[in-house]
Amino acid sequence: MKRLLKNREMLLVVAVIALVALIALRFPPFVTPGNLANVYNDTSILIILALGQMAVILTRCIDLSMAANLALSGMVAAMLNAAMPGLPIPLIILVAMALGAVLGSINGLLVWKLDIPPIVVTLGTLTIYRGLIFLLSGGAWINAHQMSNAFKALPRTTLLGFPLLSWLSLVIIALMLVVMRRTPLGRAFFAVGGNPHAAVYTGIDVGRTRFFAYCLSGTLAGLSGYLWVSRYAVAYVDIAAGFELDIIAACVIGGVSIAGGIGSVGGAVLGALFLGVIKNALPVVNISPFAQMAISGMVIIIAVAVNARAEKRKGRVILRKAEAAHG
Amino acid sequence: MPGRAEGGGSPAIEHETQPVDRDLLQDTITSRMKPAIALEGISKSFPGVRALAEVSLALYPGSVTALVGENGAGKSTLVKILTGIYQPDEGTIRVDGVETHFPTANSAAKAGVTAIHQETVLFDELSVAENIFLGHAPRTGLGLIDWKKMNAKARALLARVGADLDPAIRLRDLGIANKHLVAIARALSIDARVVIMDEPTAALSHKEIHELYELVDRLKADGKAILFISHKFDEILRIADRYTVFRDGRMVGEGLISETTQDDLVRLMVGRDVGQVFPKQDVAIGEPVLTVSGYRHPTEFEDIHFELRRGEILGFYGLVGAGRSEFMQSLIGITKPSAGAIRLDGEIKVIRSPAEAIEAGIVYVPEERGRQGAIIGLPIFQNVTLPSLSRTSRSGFLRLAEEFALAREYTARLDLRAASLDQDVGTLSGGNQQKVVIAKWLATRPKVIILDEPTKGIDIGSKAAVHAFMSELAASGLSVIMVSSEIPEIMGMADRVIVMREGRIAGRFERADLTAEKLVRAAAGIEEAA
Amino acid sequence: MAETPMVARHIPDRLEGRGARLVKSWETLLIAVALAIFLVNSFASPYFLDPWNLSDATFNFTEKAMIAFAMALVIISGEIDLSVASIIALTSTVMGYAVQLGFDTPALVLVGLAAGLLCGAFNGLLVTGLGLPSIVVTIGTMSLFRGLSFVILGDQAFTGYPASFSWFGQGYVWWVFSFEFCLFLALAVVYGVVLHKTNFGRAVYAIGNNQTAALFSGVRVGRVKFVLFLLTGLMAAIASICLTARLGSTRPSIALGWELEVVTMVVLGGVSILGGSGTIPGVVLAALIMGMVTFGFGLLNVPGIVMSIFIGLLLISVIALPILYRRLRGSH
């Protein structure tokens, strides 16, 4: 398992490096360490979100409501800050994460307890969460001047030369590595998606595992909500509209199988970075930024086709000499 | 209940009618030993079926109990109750004499019950070590999974079952036999006191089977209580100490292996004398209809050639996974053979899809009724007419009156029991679903019909109806291929038998010189004792 | 679920008459809901019952409903097409481009239909040819098709459609009956017949309930699915012609987010998102209901986004309520 997964990730690493090299040919300054760090920082939120989405997709579900969850949690964080500028920022972050977790758990409960198909649940909550932002804010924007300086400064604060946002995403990556590889819950995500039937036999509750996956994706969306709003210093109904597709694209590019059970933290991170590099590179290599959407679309299709080929089940090997040949 | 009144001479059946005997038996043989686990009066029903009726079973430490019964006798339901997947409607489970409930798979595992399942229920994408330890992986002091320890323990367990495998590789990269050994290692990883082996040798080679026997002996010596489910009588007689026979969800006999014979077991299992039940008619065999030559596939089968004649029932026997279904599916264009040709009525035919097979007059009634046969969610009549729509419709438009007429004709011929033809086929019992599936194929008016395990998992009554009908079909000039893993069925119904093993033809037999022993030997690859 | 009593030999075709089946159907429930909304609306606003107001109101669902018909077939077959709104954007852009080249109305229509069919064929090939999951494929093409539209248009817009072209979006066939509304009715009949009265429709149901068994039964699964994706492409193109003609301009953000509304309409209409069941009359009723709710909220000056909360709740509750009901009834 390790060997093949490693291979898949190596392929992605090569793809990202090749992409960067290609860009460097047209525009050498792109590969300066400072700029690469910027690209990483700019992709941090996508990385965090993709890791949450990965957990959900691993269990054979999907979360289309992540961007709406982000926008709603972000709006609440911004409104809290605007109403009570004295509130400590860590508390606001906790509130955003808790709200995100609640929104995620609503998805999870509907999938677990009512057996509603995940795509329907999250399509529905996507529109509901967006609508709630409007009800909450009355359609008004929360602008930079309404936010406290501390609120806006946190992601930008530099530590050892890198912005806190970058550090935070690294911490999340590390945590997710531990969760996915070293905890029973993380392994249950793989088991439930890989073979739900067998998971029951090993004593894993399939519905509950899915519920926890949604709670995880919700919590990370809530955290991203604060990060997004404070980084761009604005909150309104439509922030991150359509971003759910970028998140799923990052996962698909990263080799997370939409059929569940296959994926890795490294893959999801690399998938997000691949998209991040494209997004940051288009303006500098003189391709219209309008092409970004078409390129992501193309990349998703190519990635899913490549993954499908790798996953293709070989038929049952019955002939003994054929089995020997297959090793 | 057919057969209950018969066979009164058999000592084992007396246990059923005279429970006193059973107590006596237990007193004399196991008086000093208490069962590790005991089921008492267990019943379980599903919509339309009573899977188990007041079944009792006791498993003793250091003893192997063979559970014998035809497909659909309730063995797998019992295994699921023992492992906490199903909850019984009635009855009690006692572990060491204490009444216990297994509401989840975990609770059964905690009580020390573990199962190696018929179909290896494992995870292709996870590593070998994780497949062994999922759910009870060794942890570090922080509560995190300890991979190093897990791999080391896995390596030790694999060595114990005689598998030289790297615990870190992915399960999907293993062959079926090695997967099975991983499943056995998993069962051992739980410090189990009760080990259930559900057809553990079905996919193993001769050598691997003997290694498994040794393993069972070791487990026995360790004091484990073992429930051994198998269809192979030589195997049962070789390793089991006790036996329990199920038929139609009831326990119909139990006792010591040393006091029984294969014939007794078969009689108990089938509940009738084999010859009586199969309504095989004598049919004049006609000219060749289907000729298959040189069929091969890169991984599934090779060198398949045979002739099928008019009015003939050709049996295909073999162990599960011998490549019979795979070959049949390539005949109708589901998978592509790498070489080979078929002639139908002397004409060479190329069949690339089931649609073309139906057109040519070859139809396949698949083994997996739920997945490949019945379309649950559609009403009975739509199931029946689906492959024949071109006949019942006019220029692409449905004609319901014609559909109902066709469905009525064929469901009546098969003696279907249903409330209406508009009923969802999913509400029928397994036997009646199978009748709908067969009706569907007959309605296409084929020349050749391939029946893959036509009576698997259906009740005795429906079985008899299917057999009678198969016989009628042959008599009416159809050519029938019957794939079956049940020896009585093969011996009772087939004019000729082809035995397959590991994707190749391992033997051909005429009805006249057919014996159960020959079939088993050919299927298992055991040389004739010379 | 218990097995029905043994009735040997003589099995009736149907147990319940047409009437009994109709009363229990999802469509009947939808009719009741539609009537209730109609009544509430007519009490809530004096402007509701005006024929011309009603006629105007039809525009907010006709284009989506046209796509919903084809989408219903795709979903019944067990697949999904999330790229429909992007196909609208791309075909509209292509037509706008053709206007710049001096194409006249008939040529524009042909170009639009061809573009939609090509998009559908692309989806169909990826799903049936390469065997990829339709949900990921169409998330990809959703991005690709609209992305191409952005590449061509940037932040510009195409205008200057010929006057005769605008008839498709603004013309009336007779009295208050717009061309779009009449087309909606005609397509409803066509799709109803195709799904419920032809071998093709039967194959769609068979595939959605059990694709493997359908294949074993001689249904040409790949071919049927390919045609279904062609159909959604074609319907998106027709909707695009109507929408472009109605708006008189093309921007790359045209019909943004419509895929969700179309899917909601289909599911509300009683089509199972898991495939295998659903009817065209159900989808027609769902379209009418969503149209009337939008119109009613509009008359009451409720903003569109609040309306979307309602749609989201509707989507989840129409699926959840029957499940809850069955569970409550089952526990007694």
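Colleague: What makes helix α3 of chain C roughly parallel to helix α8 of chain C?

Modeller: Helix α3 (residues 51–76) and helix α8 (residues 179–197) of chain C pack at an angle of about 15°, with their axes 9 Å apart, which makes α3(C) roughly parallel to α8(C), because angles under 35 degrees count as roughly parallel, over 145 as roughly antiparallel, 65 to 115 as roughly perpendicular and the rest as oblique. The axes are lines fitted to C-alpha atoms, for helices over the stretch in contact, and angles run from 0 to 180 degrees between N-to-C directions. The model is predicted: local features need pLDDT of at least 70 and side-chain atom pairs count only at pLDDT 80 or more, whereas totals for chains, interfaces and linings use all residues. Side-chain values use heavy atoms, with hydrogens and water left out, while residues are numbered from 1 along each chain as its sequence is written, and chains are lettered from A and ligands numbered from 1 in the order in which they are written.

Colleague: Which residues of α3(C) and α8(C) meet, and how do they divide into nonpolar, polar and charged?

Modeller: Among those in α3(C) are Phe59(C), Met66(C), Phe69(C) and Leu73(C), which meet residues of α8(C) including Phe184(C), Leu187(C) and Tyr191(C). The residues of this contact divide into 16 nonpolar, 2 polar and 2 charged, where Ala, Val, Leu, Ile, Met, Phe, Trp, Tyr, Cys and Pro count as nonpolar, Asp, Glu, Lys and Arg as charged, and the others, Gly among them, as polar.

Colleague: Why is Gly278(C) called buried, and which residues is Gly278(C) in contact with?

Modeller: Gly278(C) has a relative accessible area of 11%, and buried means under 20%, exposed over 50% and partly exposed in between (1.4 Å probe, protein chains only), so Gly278(C) is buried. Its place is in the loop between α12 (258–268) and α13 (280–299) of chain C, and the C-alpha atoms of Gly278(C) and Leu73(C), 205 residues apart along the chain, are separated by 8.6 Å. Leaving aside neighbours within four places in sequence, the contacts of Gly278(C) (heavy atoms within 4.5 Å) include Ile76(C), Leu195(C) and Tyr205(C).

Colleague: How do you know that strand β3 of chain B is mostly covered?

Modeller: For β3(B) (residues 63–68), 6 of its 6 residues are buried, with Ser63(B), Thr65(B) and Leu67(B) on one side and Val64(B), Ala66(B) and Val68(B) on the other, and both faces are therefore covered. Strand β3(B) is joined by 5 bridges to β8 (residues 225–229) of chain B, running parallel, and Thr65(B) stands opposite Leu227(B) there.

Colleague: What makes β16 and β20 of chain B edge strands?

Modeller: The open sheet of 6 strands has the order β16-β17-β18-β13-β19-β20 (chain B), with mixed pairing; β16 (362–365) and β20 (504–510) each have a single partner strand, so one side of each is left without a neighbour in the sheet. The twist averages 20° from one strand to the next. Within this sheet, β17 (residues 448–452) and β18 (residues 479–484) of chain B pair in the parallel sense over 5 bridges, and Ile449(B) has Val480(B) as its bridge partner. Helix α18 (residues 430–442) of chain B packs on the sheet, touching β16 and β17, and its direction makes about 175° with that of β16(B).

Note on methods:
Helix = DSSP H or I, 4+ residues; strand = E, 2+ residues; numbered from the N terminus. Pairing = 2+ DSSP bridges.
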